[in-house]
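Please look over the sequence and the 3D structure below. A short report comes after them.

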Amino acid sequence: MAFKQSPLRLARIALVCSTALLPLGAVSVPAQANSPVLAGQVSLADLVDKVMPAVVNISAVTTGDAKGRTLPQLPQLGPDTPFGDLFEEFFNRRGQGRDGQNQQGERQAPQPRRSQSAGSGFVIDASGIVVTNNHVIGDANEITVIFPSGLRLKAEVIGKDAKVDLAVLRVKHDKPLPAVKFGDSDAMRIGDPVMAIGNPFALGGSVSSGIISARNRDISQGPYDTYIQTDAAINKGNSGGPLFNMAGEVIGINTAILSPTGGSVGIGFAVPSSLAANVVEQLREFGETRRGWLGVRIQSVDDATAEALGLGTARGALIAGIDDKGPAKPAGLEIGDVVVKFDGKEVKDSRDLPRIVAATPVGKDVPVSIVRKGKEEVKTVKLGRLEDGEKVQPASARTPAEPAKPAVTSALGLEFSPQTEELKKRYAIKEGTKGVIITKVDPNSNAADKRISVGELIVEVGQEPVNSPEDVTKRLDALKKDGKKSALLLVSNAQGEVRFVAVSMN
């Protein structure tokens, strides 16, 4: 997979997909003779002997339907045309002409496409339950699990989850199969030694070792990113393989690498067992996931927002929207509340909340600690199911039109106007959307840095509603008198979707 630089991220994450194999005749570089052994180095041989039998290679074959696939219509190239003879030879080798007909003039049926990938996995139950990555098997028609002993067993898919990139397979054998168990990834510390086993470049069972380099990594691959980062060598084909602690327990499932070359550069990522074990259990029991659903849209809390809300330090998840049909609304949660605890678990930042909610049983009555206008309260929410809530999609935001003429009232590098029929039409503002329309944004202002745009509306200032430009300036003056350094604005787009933005008043 090619590495590309992204303007929004330092580097692109390349999934450890295993379709790329070493070419025949690839030259290996021999190790130097008499390479020194580090003093005090501990052999992992006993640990490898213990767990290797349960680590498997996975071969996934996908036969695609070629229905509707036709060869490109090429111009009629005579033998005297440049490259014409090459095109003729190309099609004749396949027994058909340029128009999809064979040499007898009969049109040929399109041939199905067949692709094969190789990845890794591990057995967690002696009855034949195998865990791997969802992207390893994809939509494969035929999956084979290959054991280190050479045993090959056909596998069926019990369930898979694209959000965490996990899949659970089942194989059948007349004898109990070697298995390993999940360990506690939350107990692992940065610097702890780990060992990876997998099928890099389809070479078969290979072992690498290293340490945990970091925890709770967000690599923008899904809503529950909390990866373990390791410097143990992980390459294409290691996907779905286990990351072991020194007790031989699986504390991670190797899933992705960061690499400019496509090979290991010492930055690999594994789904932690604390997240994976619950998903695997749901897939085994139900064949699908059943995640908890709160029915809110959240955003992170930065230092400026925390100061404006009186939180002290930046923490929690700020509620910026509430689903009318979700569990949060009847429980009394409101836009502007900051969730600091959920079911007794601390919410340190906004990334914590989706993971905690998803792992909580559907239908459970959950205490939710919130901070509302500087005071902490506890609400009780009867949790819904995420898969049901996802059927309702929010309206998409529209791109604001061109700026209107400058308004008279201005503050924070913004100019405001009351809602008029002309401005509502100009900015395609949905009927019933409340607030004061922003008609100009100073590109050098803090408001511009926070991506406030012309055509959006200010609904609240300091958690108080505003209906006119004068309301905005009055609220800002009051906040300054209270010693606030930032003003917390509730900003709405043209479709009525809101978010909180803390803008400096200096």
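## Basis and confidence

This is a predicted model, in which local features need pLDDT of at least 70, side-chain atom pairs count only at pLDDT 80 or more, and totals for chains, interfaces and linings use all residues. Residues are numbered from 1 along each chain as its sequence is written, and side-chain values use heavy atoms, with hydrogens and water left out.

pLDDT is the predictor's confidence in each residue, from 0 to 100. The protein averages 80, and 78% of the residues score at least 70. Among the elements, strand S11 (residues 242-244) has the highest mean pLDDT, 97. Strand S1 (residues 14-15) has the lowest, 46. Strands here are DSSP runs of E with at least two residues, numbered from the N terminus.

Two stretches call for care. Over residues 1-39 pLDDT stays under 50, and the model has 54 contacts beyond four places in sequence for them. Residues 66-77 also stay under 50, with 18 such contacts. A contact means heavy atoms within 4.5 Å. Where pLDDT is low, the predicted coordinates should not be read in detail.

## Aromatic rings

How many aromatic pairs does the structure hold? There are 2. Rings of Phe, Tyr and Trp (its six-membered ring) pair if their centres lie within 6.5 Å; planes under 30 degrees apart count as stacked, over 60 as edge-to-face and the rest as tilted. Phe 122 and Phe 182 have ring centres 6.0 Å apart and planes at 85 degrees, so this pair is edge-to-face. The pair links distant parts of the chain, 60 residues apart. Phe 122 is in strand S3 (residues 113-125), and Phe 182 is in the loop between strand S7 (166-171) and strand S8 (193-198). Phe 122 is buried, at 0% relative accessible area. Phe 182 is partly exposed, at 22%. Buried means under 20%, exposed over 50% and partly exposed in between, with a 1.4 Å probe and protein chains only.

The rings of Tyr 227 and Phe 269 have centres 6.3 Å apart and planes at 70 degrees, so they too are edge-to-face. Tyr 227 lies in strand S10 (residues 227-230) and Phe 269 in strand S13 (residues 268-272), so the pair ties together parts 42 residues apart in sequence. Tyr 227 is buried, at 7%. Phe 269 is buried, at 3%.

## Strand S16 and its partners

Strand S16 (residues 317-322) is mostly covered, with 5 of its 6 residues buried. Strand S15 (residues 296-299) runs antiparallel to S16, joined by 4 bridges. Ile 298 stands opposite Ile 319 in S16. S16 also pairs with strand S17 (residues 338-342), in the antiparallel sense, over 2 bridges. Here Ala 317 stands opposite Val 339 in S17. Two strands pair if DSSP finds at least two bridges between them.

## Two single residues

Ser 369 is in strand S19 (residues 365-372). Is this residue buried or exposed? Ser 369 counts as buried, at 10% relative accessibility. Beyond four places in sequence, Ser 369 touches Val 338, Val 339, Val 340, Lys 341, Glu 376, Glu 377 and Val 378.

Leu 151 lies in the loop between strand S5 (142-146) and strand S6 (152-161). Leu 151 is partly exposed, at 26%. Leaving aside neighbours within four places, Leu 151 contacts Val 145, Ile 146, His 173 and Leu 177. Leu 151 and His 173 are 22 residues apart in sequence and 9.9 Å apart in space, C-alpha to C-alpha.
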